[in-house]
Amino acid sequence: MKTFYLDTDFEYDFDLYGLVAPGKDYTMAWWLNKIFDLHLTRQKDLCYTLPSREKILVSNYEFRTGHSIIRLFRNKALGTNTVRKPYFLPDVKEYDFVLQINGTLPKLYPQNFINTLLHIPLVQYARQFDPLTLRFKENLIF
């Protein structure tokens, strides 16, 4: 029997930021809501099945407008101690949170956005990533 493979090319047309911020996910969402006048709300946790058939749960916050979608993910999986690599994006395991922005935030360029993120007391470091350079970028497709 002949095997066929589905070859798809996804568009990664969003901005991606990593945040080093030791703290709770709801506290980070609150700060982002306050600083950027957003309304990030907790969504159903994302469940991923790893190649080793283990499942991880990732906390997920989202805010939608007519022209953008902003998502905040905790990079480390919720409550899993048995998984060898319990990260949403293992490529950037040094970062506590991943912020994904589809569309635009008005009046903010990447460097200005990072400088504003650094004004949040929890945030120790922030960096923008090119999603195409990540090995596990498929985790960001919904």
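User: How many salt bridges does the structure hold?

Analyst: This is a predicted model, in which local features need pLDDT of at least 70 and side-chain atom pairs count only at pLDDT 80 or more, while totals for chains, interfaces and linings use all residues. Residues are numbered from 1 along each chain as its sequence is written, and side-chain values use heavy atoms, with hydrogens and water left out. A salt bridge is a side-chain nitrogen of Lys or Arg within 4 Å of a carboxyl oxygen of Asp or Glu. By that criterion, the number of salt bridges in the structure is 4.

User: Which residue forms a salt bridge with Asp25, and how far apart are the closest N and O atoms?

Analyst: Side chains of opposite charge can pair when their charged atoms come close. Helices (H or I, at least four residues) and strands (E, at least two) are DSSP runs, numbered from the N terminus. The pair links distant parts of the chain, with Asp25 in helix α1 (residues 25-36) and its partner, 17 residues apart from it, in strand β2 (residues 41-42). The partner is Arg42, and the closest N and O atoms are separated by 3.6 Å.

User: Is Asp25 buried or exposed?

Analyst: Buried means under 20% relative accessible area, exposed over 50%, and partly exposed in between (1.4 Å probe, protein chains only). Arg42, at 40%, is partly exposed. Asp25 has a relative accessibility of 9%, so Asp25 counts as buried.

User: Which residues are linked with Arg42 in a network of salt bridges?

Analyst: Arg42 bridges to Asp25, and the side chain of Arg42 also meets that of Asp45 at 2.7 Å, N to O. Asp45 has a relative accessible area of 26% and is therefore partly exposed. The residues linked with Arg42 in the network are Asp25 and Asp45.

User: With which side chain does Asp25 make a polar contact?

Analyst: A polar contact is a pair of N or O atoms within 3.5 Å; within protein, one must be able to donate a hydrogen and the other to accept it, and residues adjacent in sequence count only if both atoms are side-chain atoms. Contact means heavy atoms within 4.5 Å, and Asp25 touches residues including Tyr61, Leu72, Arg74 and Phe97, not counting those up to four places away in sequence. The polar contact, at 2.9 Å, is with the side chain of Ser59.

User: In the salt bridge of Arg64 and Glu62, what is the N to O distance?

Analyst: Arg64 is exposed, at 51% relative accessible area. Glu62 counts as buried because its relative accessibility is 14%. Their side chains meet with an N to O distance of 2.7 Å.

User: What is the phi of Asp37?

Analyst: Asp37 sits in the loop between α1 and β2. Asp37 counts as exposed, since its relative accessibility is 69%. Most residues other than glycine have a negative phi. The phi of Asp37 is positive, near 55°.

User: What pattern does the protein chain follow along the sequence?

Analyst: The protein chain has 2 helices and 8 strands. Of its contacts with a separation of 6 or more, 62% come from residues 24 or more positions apart. Read along the sequence, the pattern is β-α-β-β-β-β-β-β-α-β.
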